[in-house]
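User: Please take me through this model one feature at a time. I would like the general idea first, and then the case at hand.

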Amino acid sequence: MLRLHPELHPLVLPERTLVQVAQDLRPAPLPGTPEWLLGTVHFRGAFLPVFDLARRFGLSPARALRLVVVDPGEDGLVFACAELPESAWVDVPRAGGPSSAAPPELLVHSAGLFHTPAGTMLDFDPHAWLRRNSTSLRLR
């Protein structure tokens, strides 16, 4: 479970997705890219893009951001998160319907919302999101 920003629902990643907190990494900026693409980091032999989705949705950056690597390796992605990731067992039926705290752009990559004792979480596939948004990431 990833919490990108205090104002957004936590994201539930696909089952068996590897997540690792990346310490002491600073993104190298990429000129001509949107401000929410913070740059790239070199992690375990691969250059991975670093995204701040809170900025992508017009939210102010969280005070302390942690870089979280999703699926380390060639196809890995890095997200700036407001909190450290947590394990969450979600064995609750999905509840459909939009949520005011979920940006519509995230909802199109979601199978729905989960209502759990810990709160509402958004089912999210980060690789599907990247595939859909890859054209907006081209260098200008």
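Analyst: Happy to! Let's begin with pairing: two strands count as paired if DSSP finds at least two bridges between them. The strands themselves are DSSP runs of E, at least two residues long, and are numbered from the N terminus. Please keep in mind that this is a predicted model.

User: Which elements does the chain have, and in what order do they run?

Analyst: From the N terminus on, the order is β-β-β-β-α-β-β-β-α-β-β-α. That comes to 3 helices and 9 strands.

User: How should I read the confidence, and which element has the lowest mean pLDDT?

Analyst: The general idea is that where pLDDT is low, the predicted coordinates should not be read in detail. Here the chain has a mean pLDDT of 75, with 67% of its residues at 70 or more. Strand β7 (residues 94-95) has the lowest mean among the elements, at 53, while β3 has the highest, at 91.

User: Now the sheet, please. What is the order of its strands?

Analyst: In general, strands of a sheet pair through backbone hydrogen bonds, either parallel or antiparallel. In this model, an open sheet of 5 strands has mixed pairing and the order β2-β5-β6-β4-β3. Its edge strands, β2 (19-22) and β3 (37-43), each pair on one side only. On average, neighbouring strands of the sheet are turned by 30° against each other, direction ignored.

User: Where do β3 and β4 meet, and what is the bridge partner of G39?

Analyst: β3 and β4 (residues 46-51) are antiparallel, with 6 bridges between them. G39 has V50 of β4 as its bridge partner, and T40 stands opposite P49 in β4.

User: In which sense do β4 and β6 pair?

Analyst: β4 and β6 (residues 77-81) pair in the parallel sense, over 2 bridges. You can find this pairing at F51, whose bridge partner in β6 is F79.

User: How many bridges join β5 to β6?

Analyst: There are 5 bridges from β5 to β6, and the two strands run antiparallel. β2 is also antiparallel to β5, with 4 bridges.

User: Is β5 enclosed or open to solvent, and how do I tell?

Analyst: Look at relative accessible area, where under 20% means buried and over 50% means exposed. In β5 (residues 66-70), 4 of the 5 residues are buried, so this strand is largely enclosed by the rest of the structure. Across the 140 residues of the chain, 40% count as buried.

Note on methods: Residues are numbered from 1 along each chain as its sequence is written. This is a predicted model: local features need pLDDT of at least 70, side-chain atom pairs count only at pLDDT 80 or more; totals for chains, interfaces and linings use all residues. Side-chain values use heavy atoms; hydrogens and water are left out. Axes are lines fitted to C-alpha atoms, for helices over the stretch in contact, and angles run from 0 to 180 degrees between N-to-C directions. pLDDT is the predictor's confidence in each residue, from 0 to 100. Buried means under 20% relative accessible area, exposed over 50%, partly exposed in between (1.4 Å probe, protein chains only).
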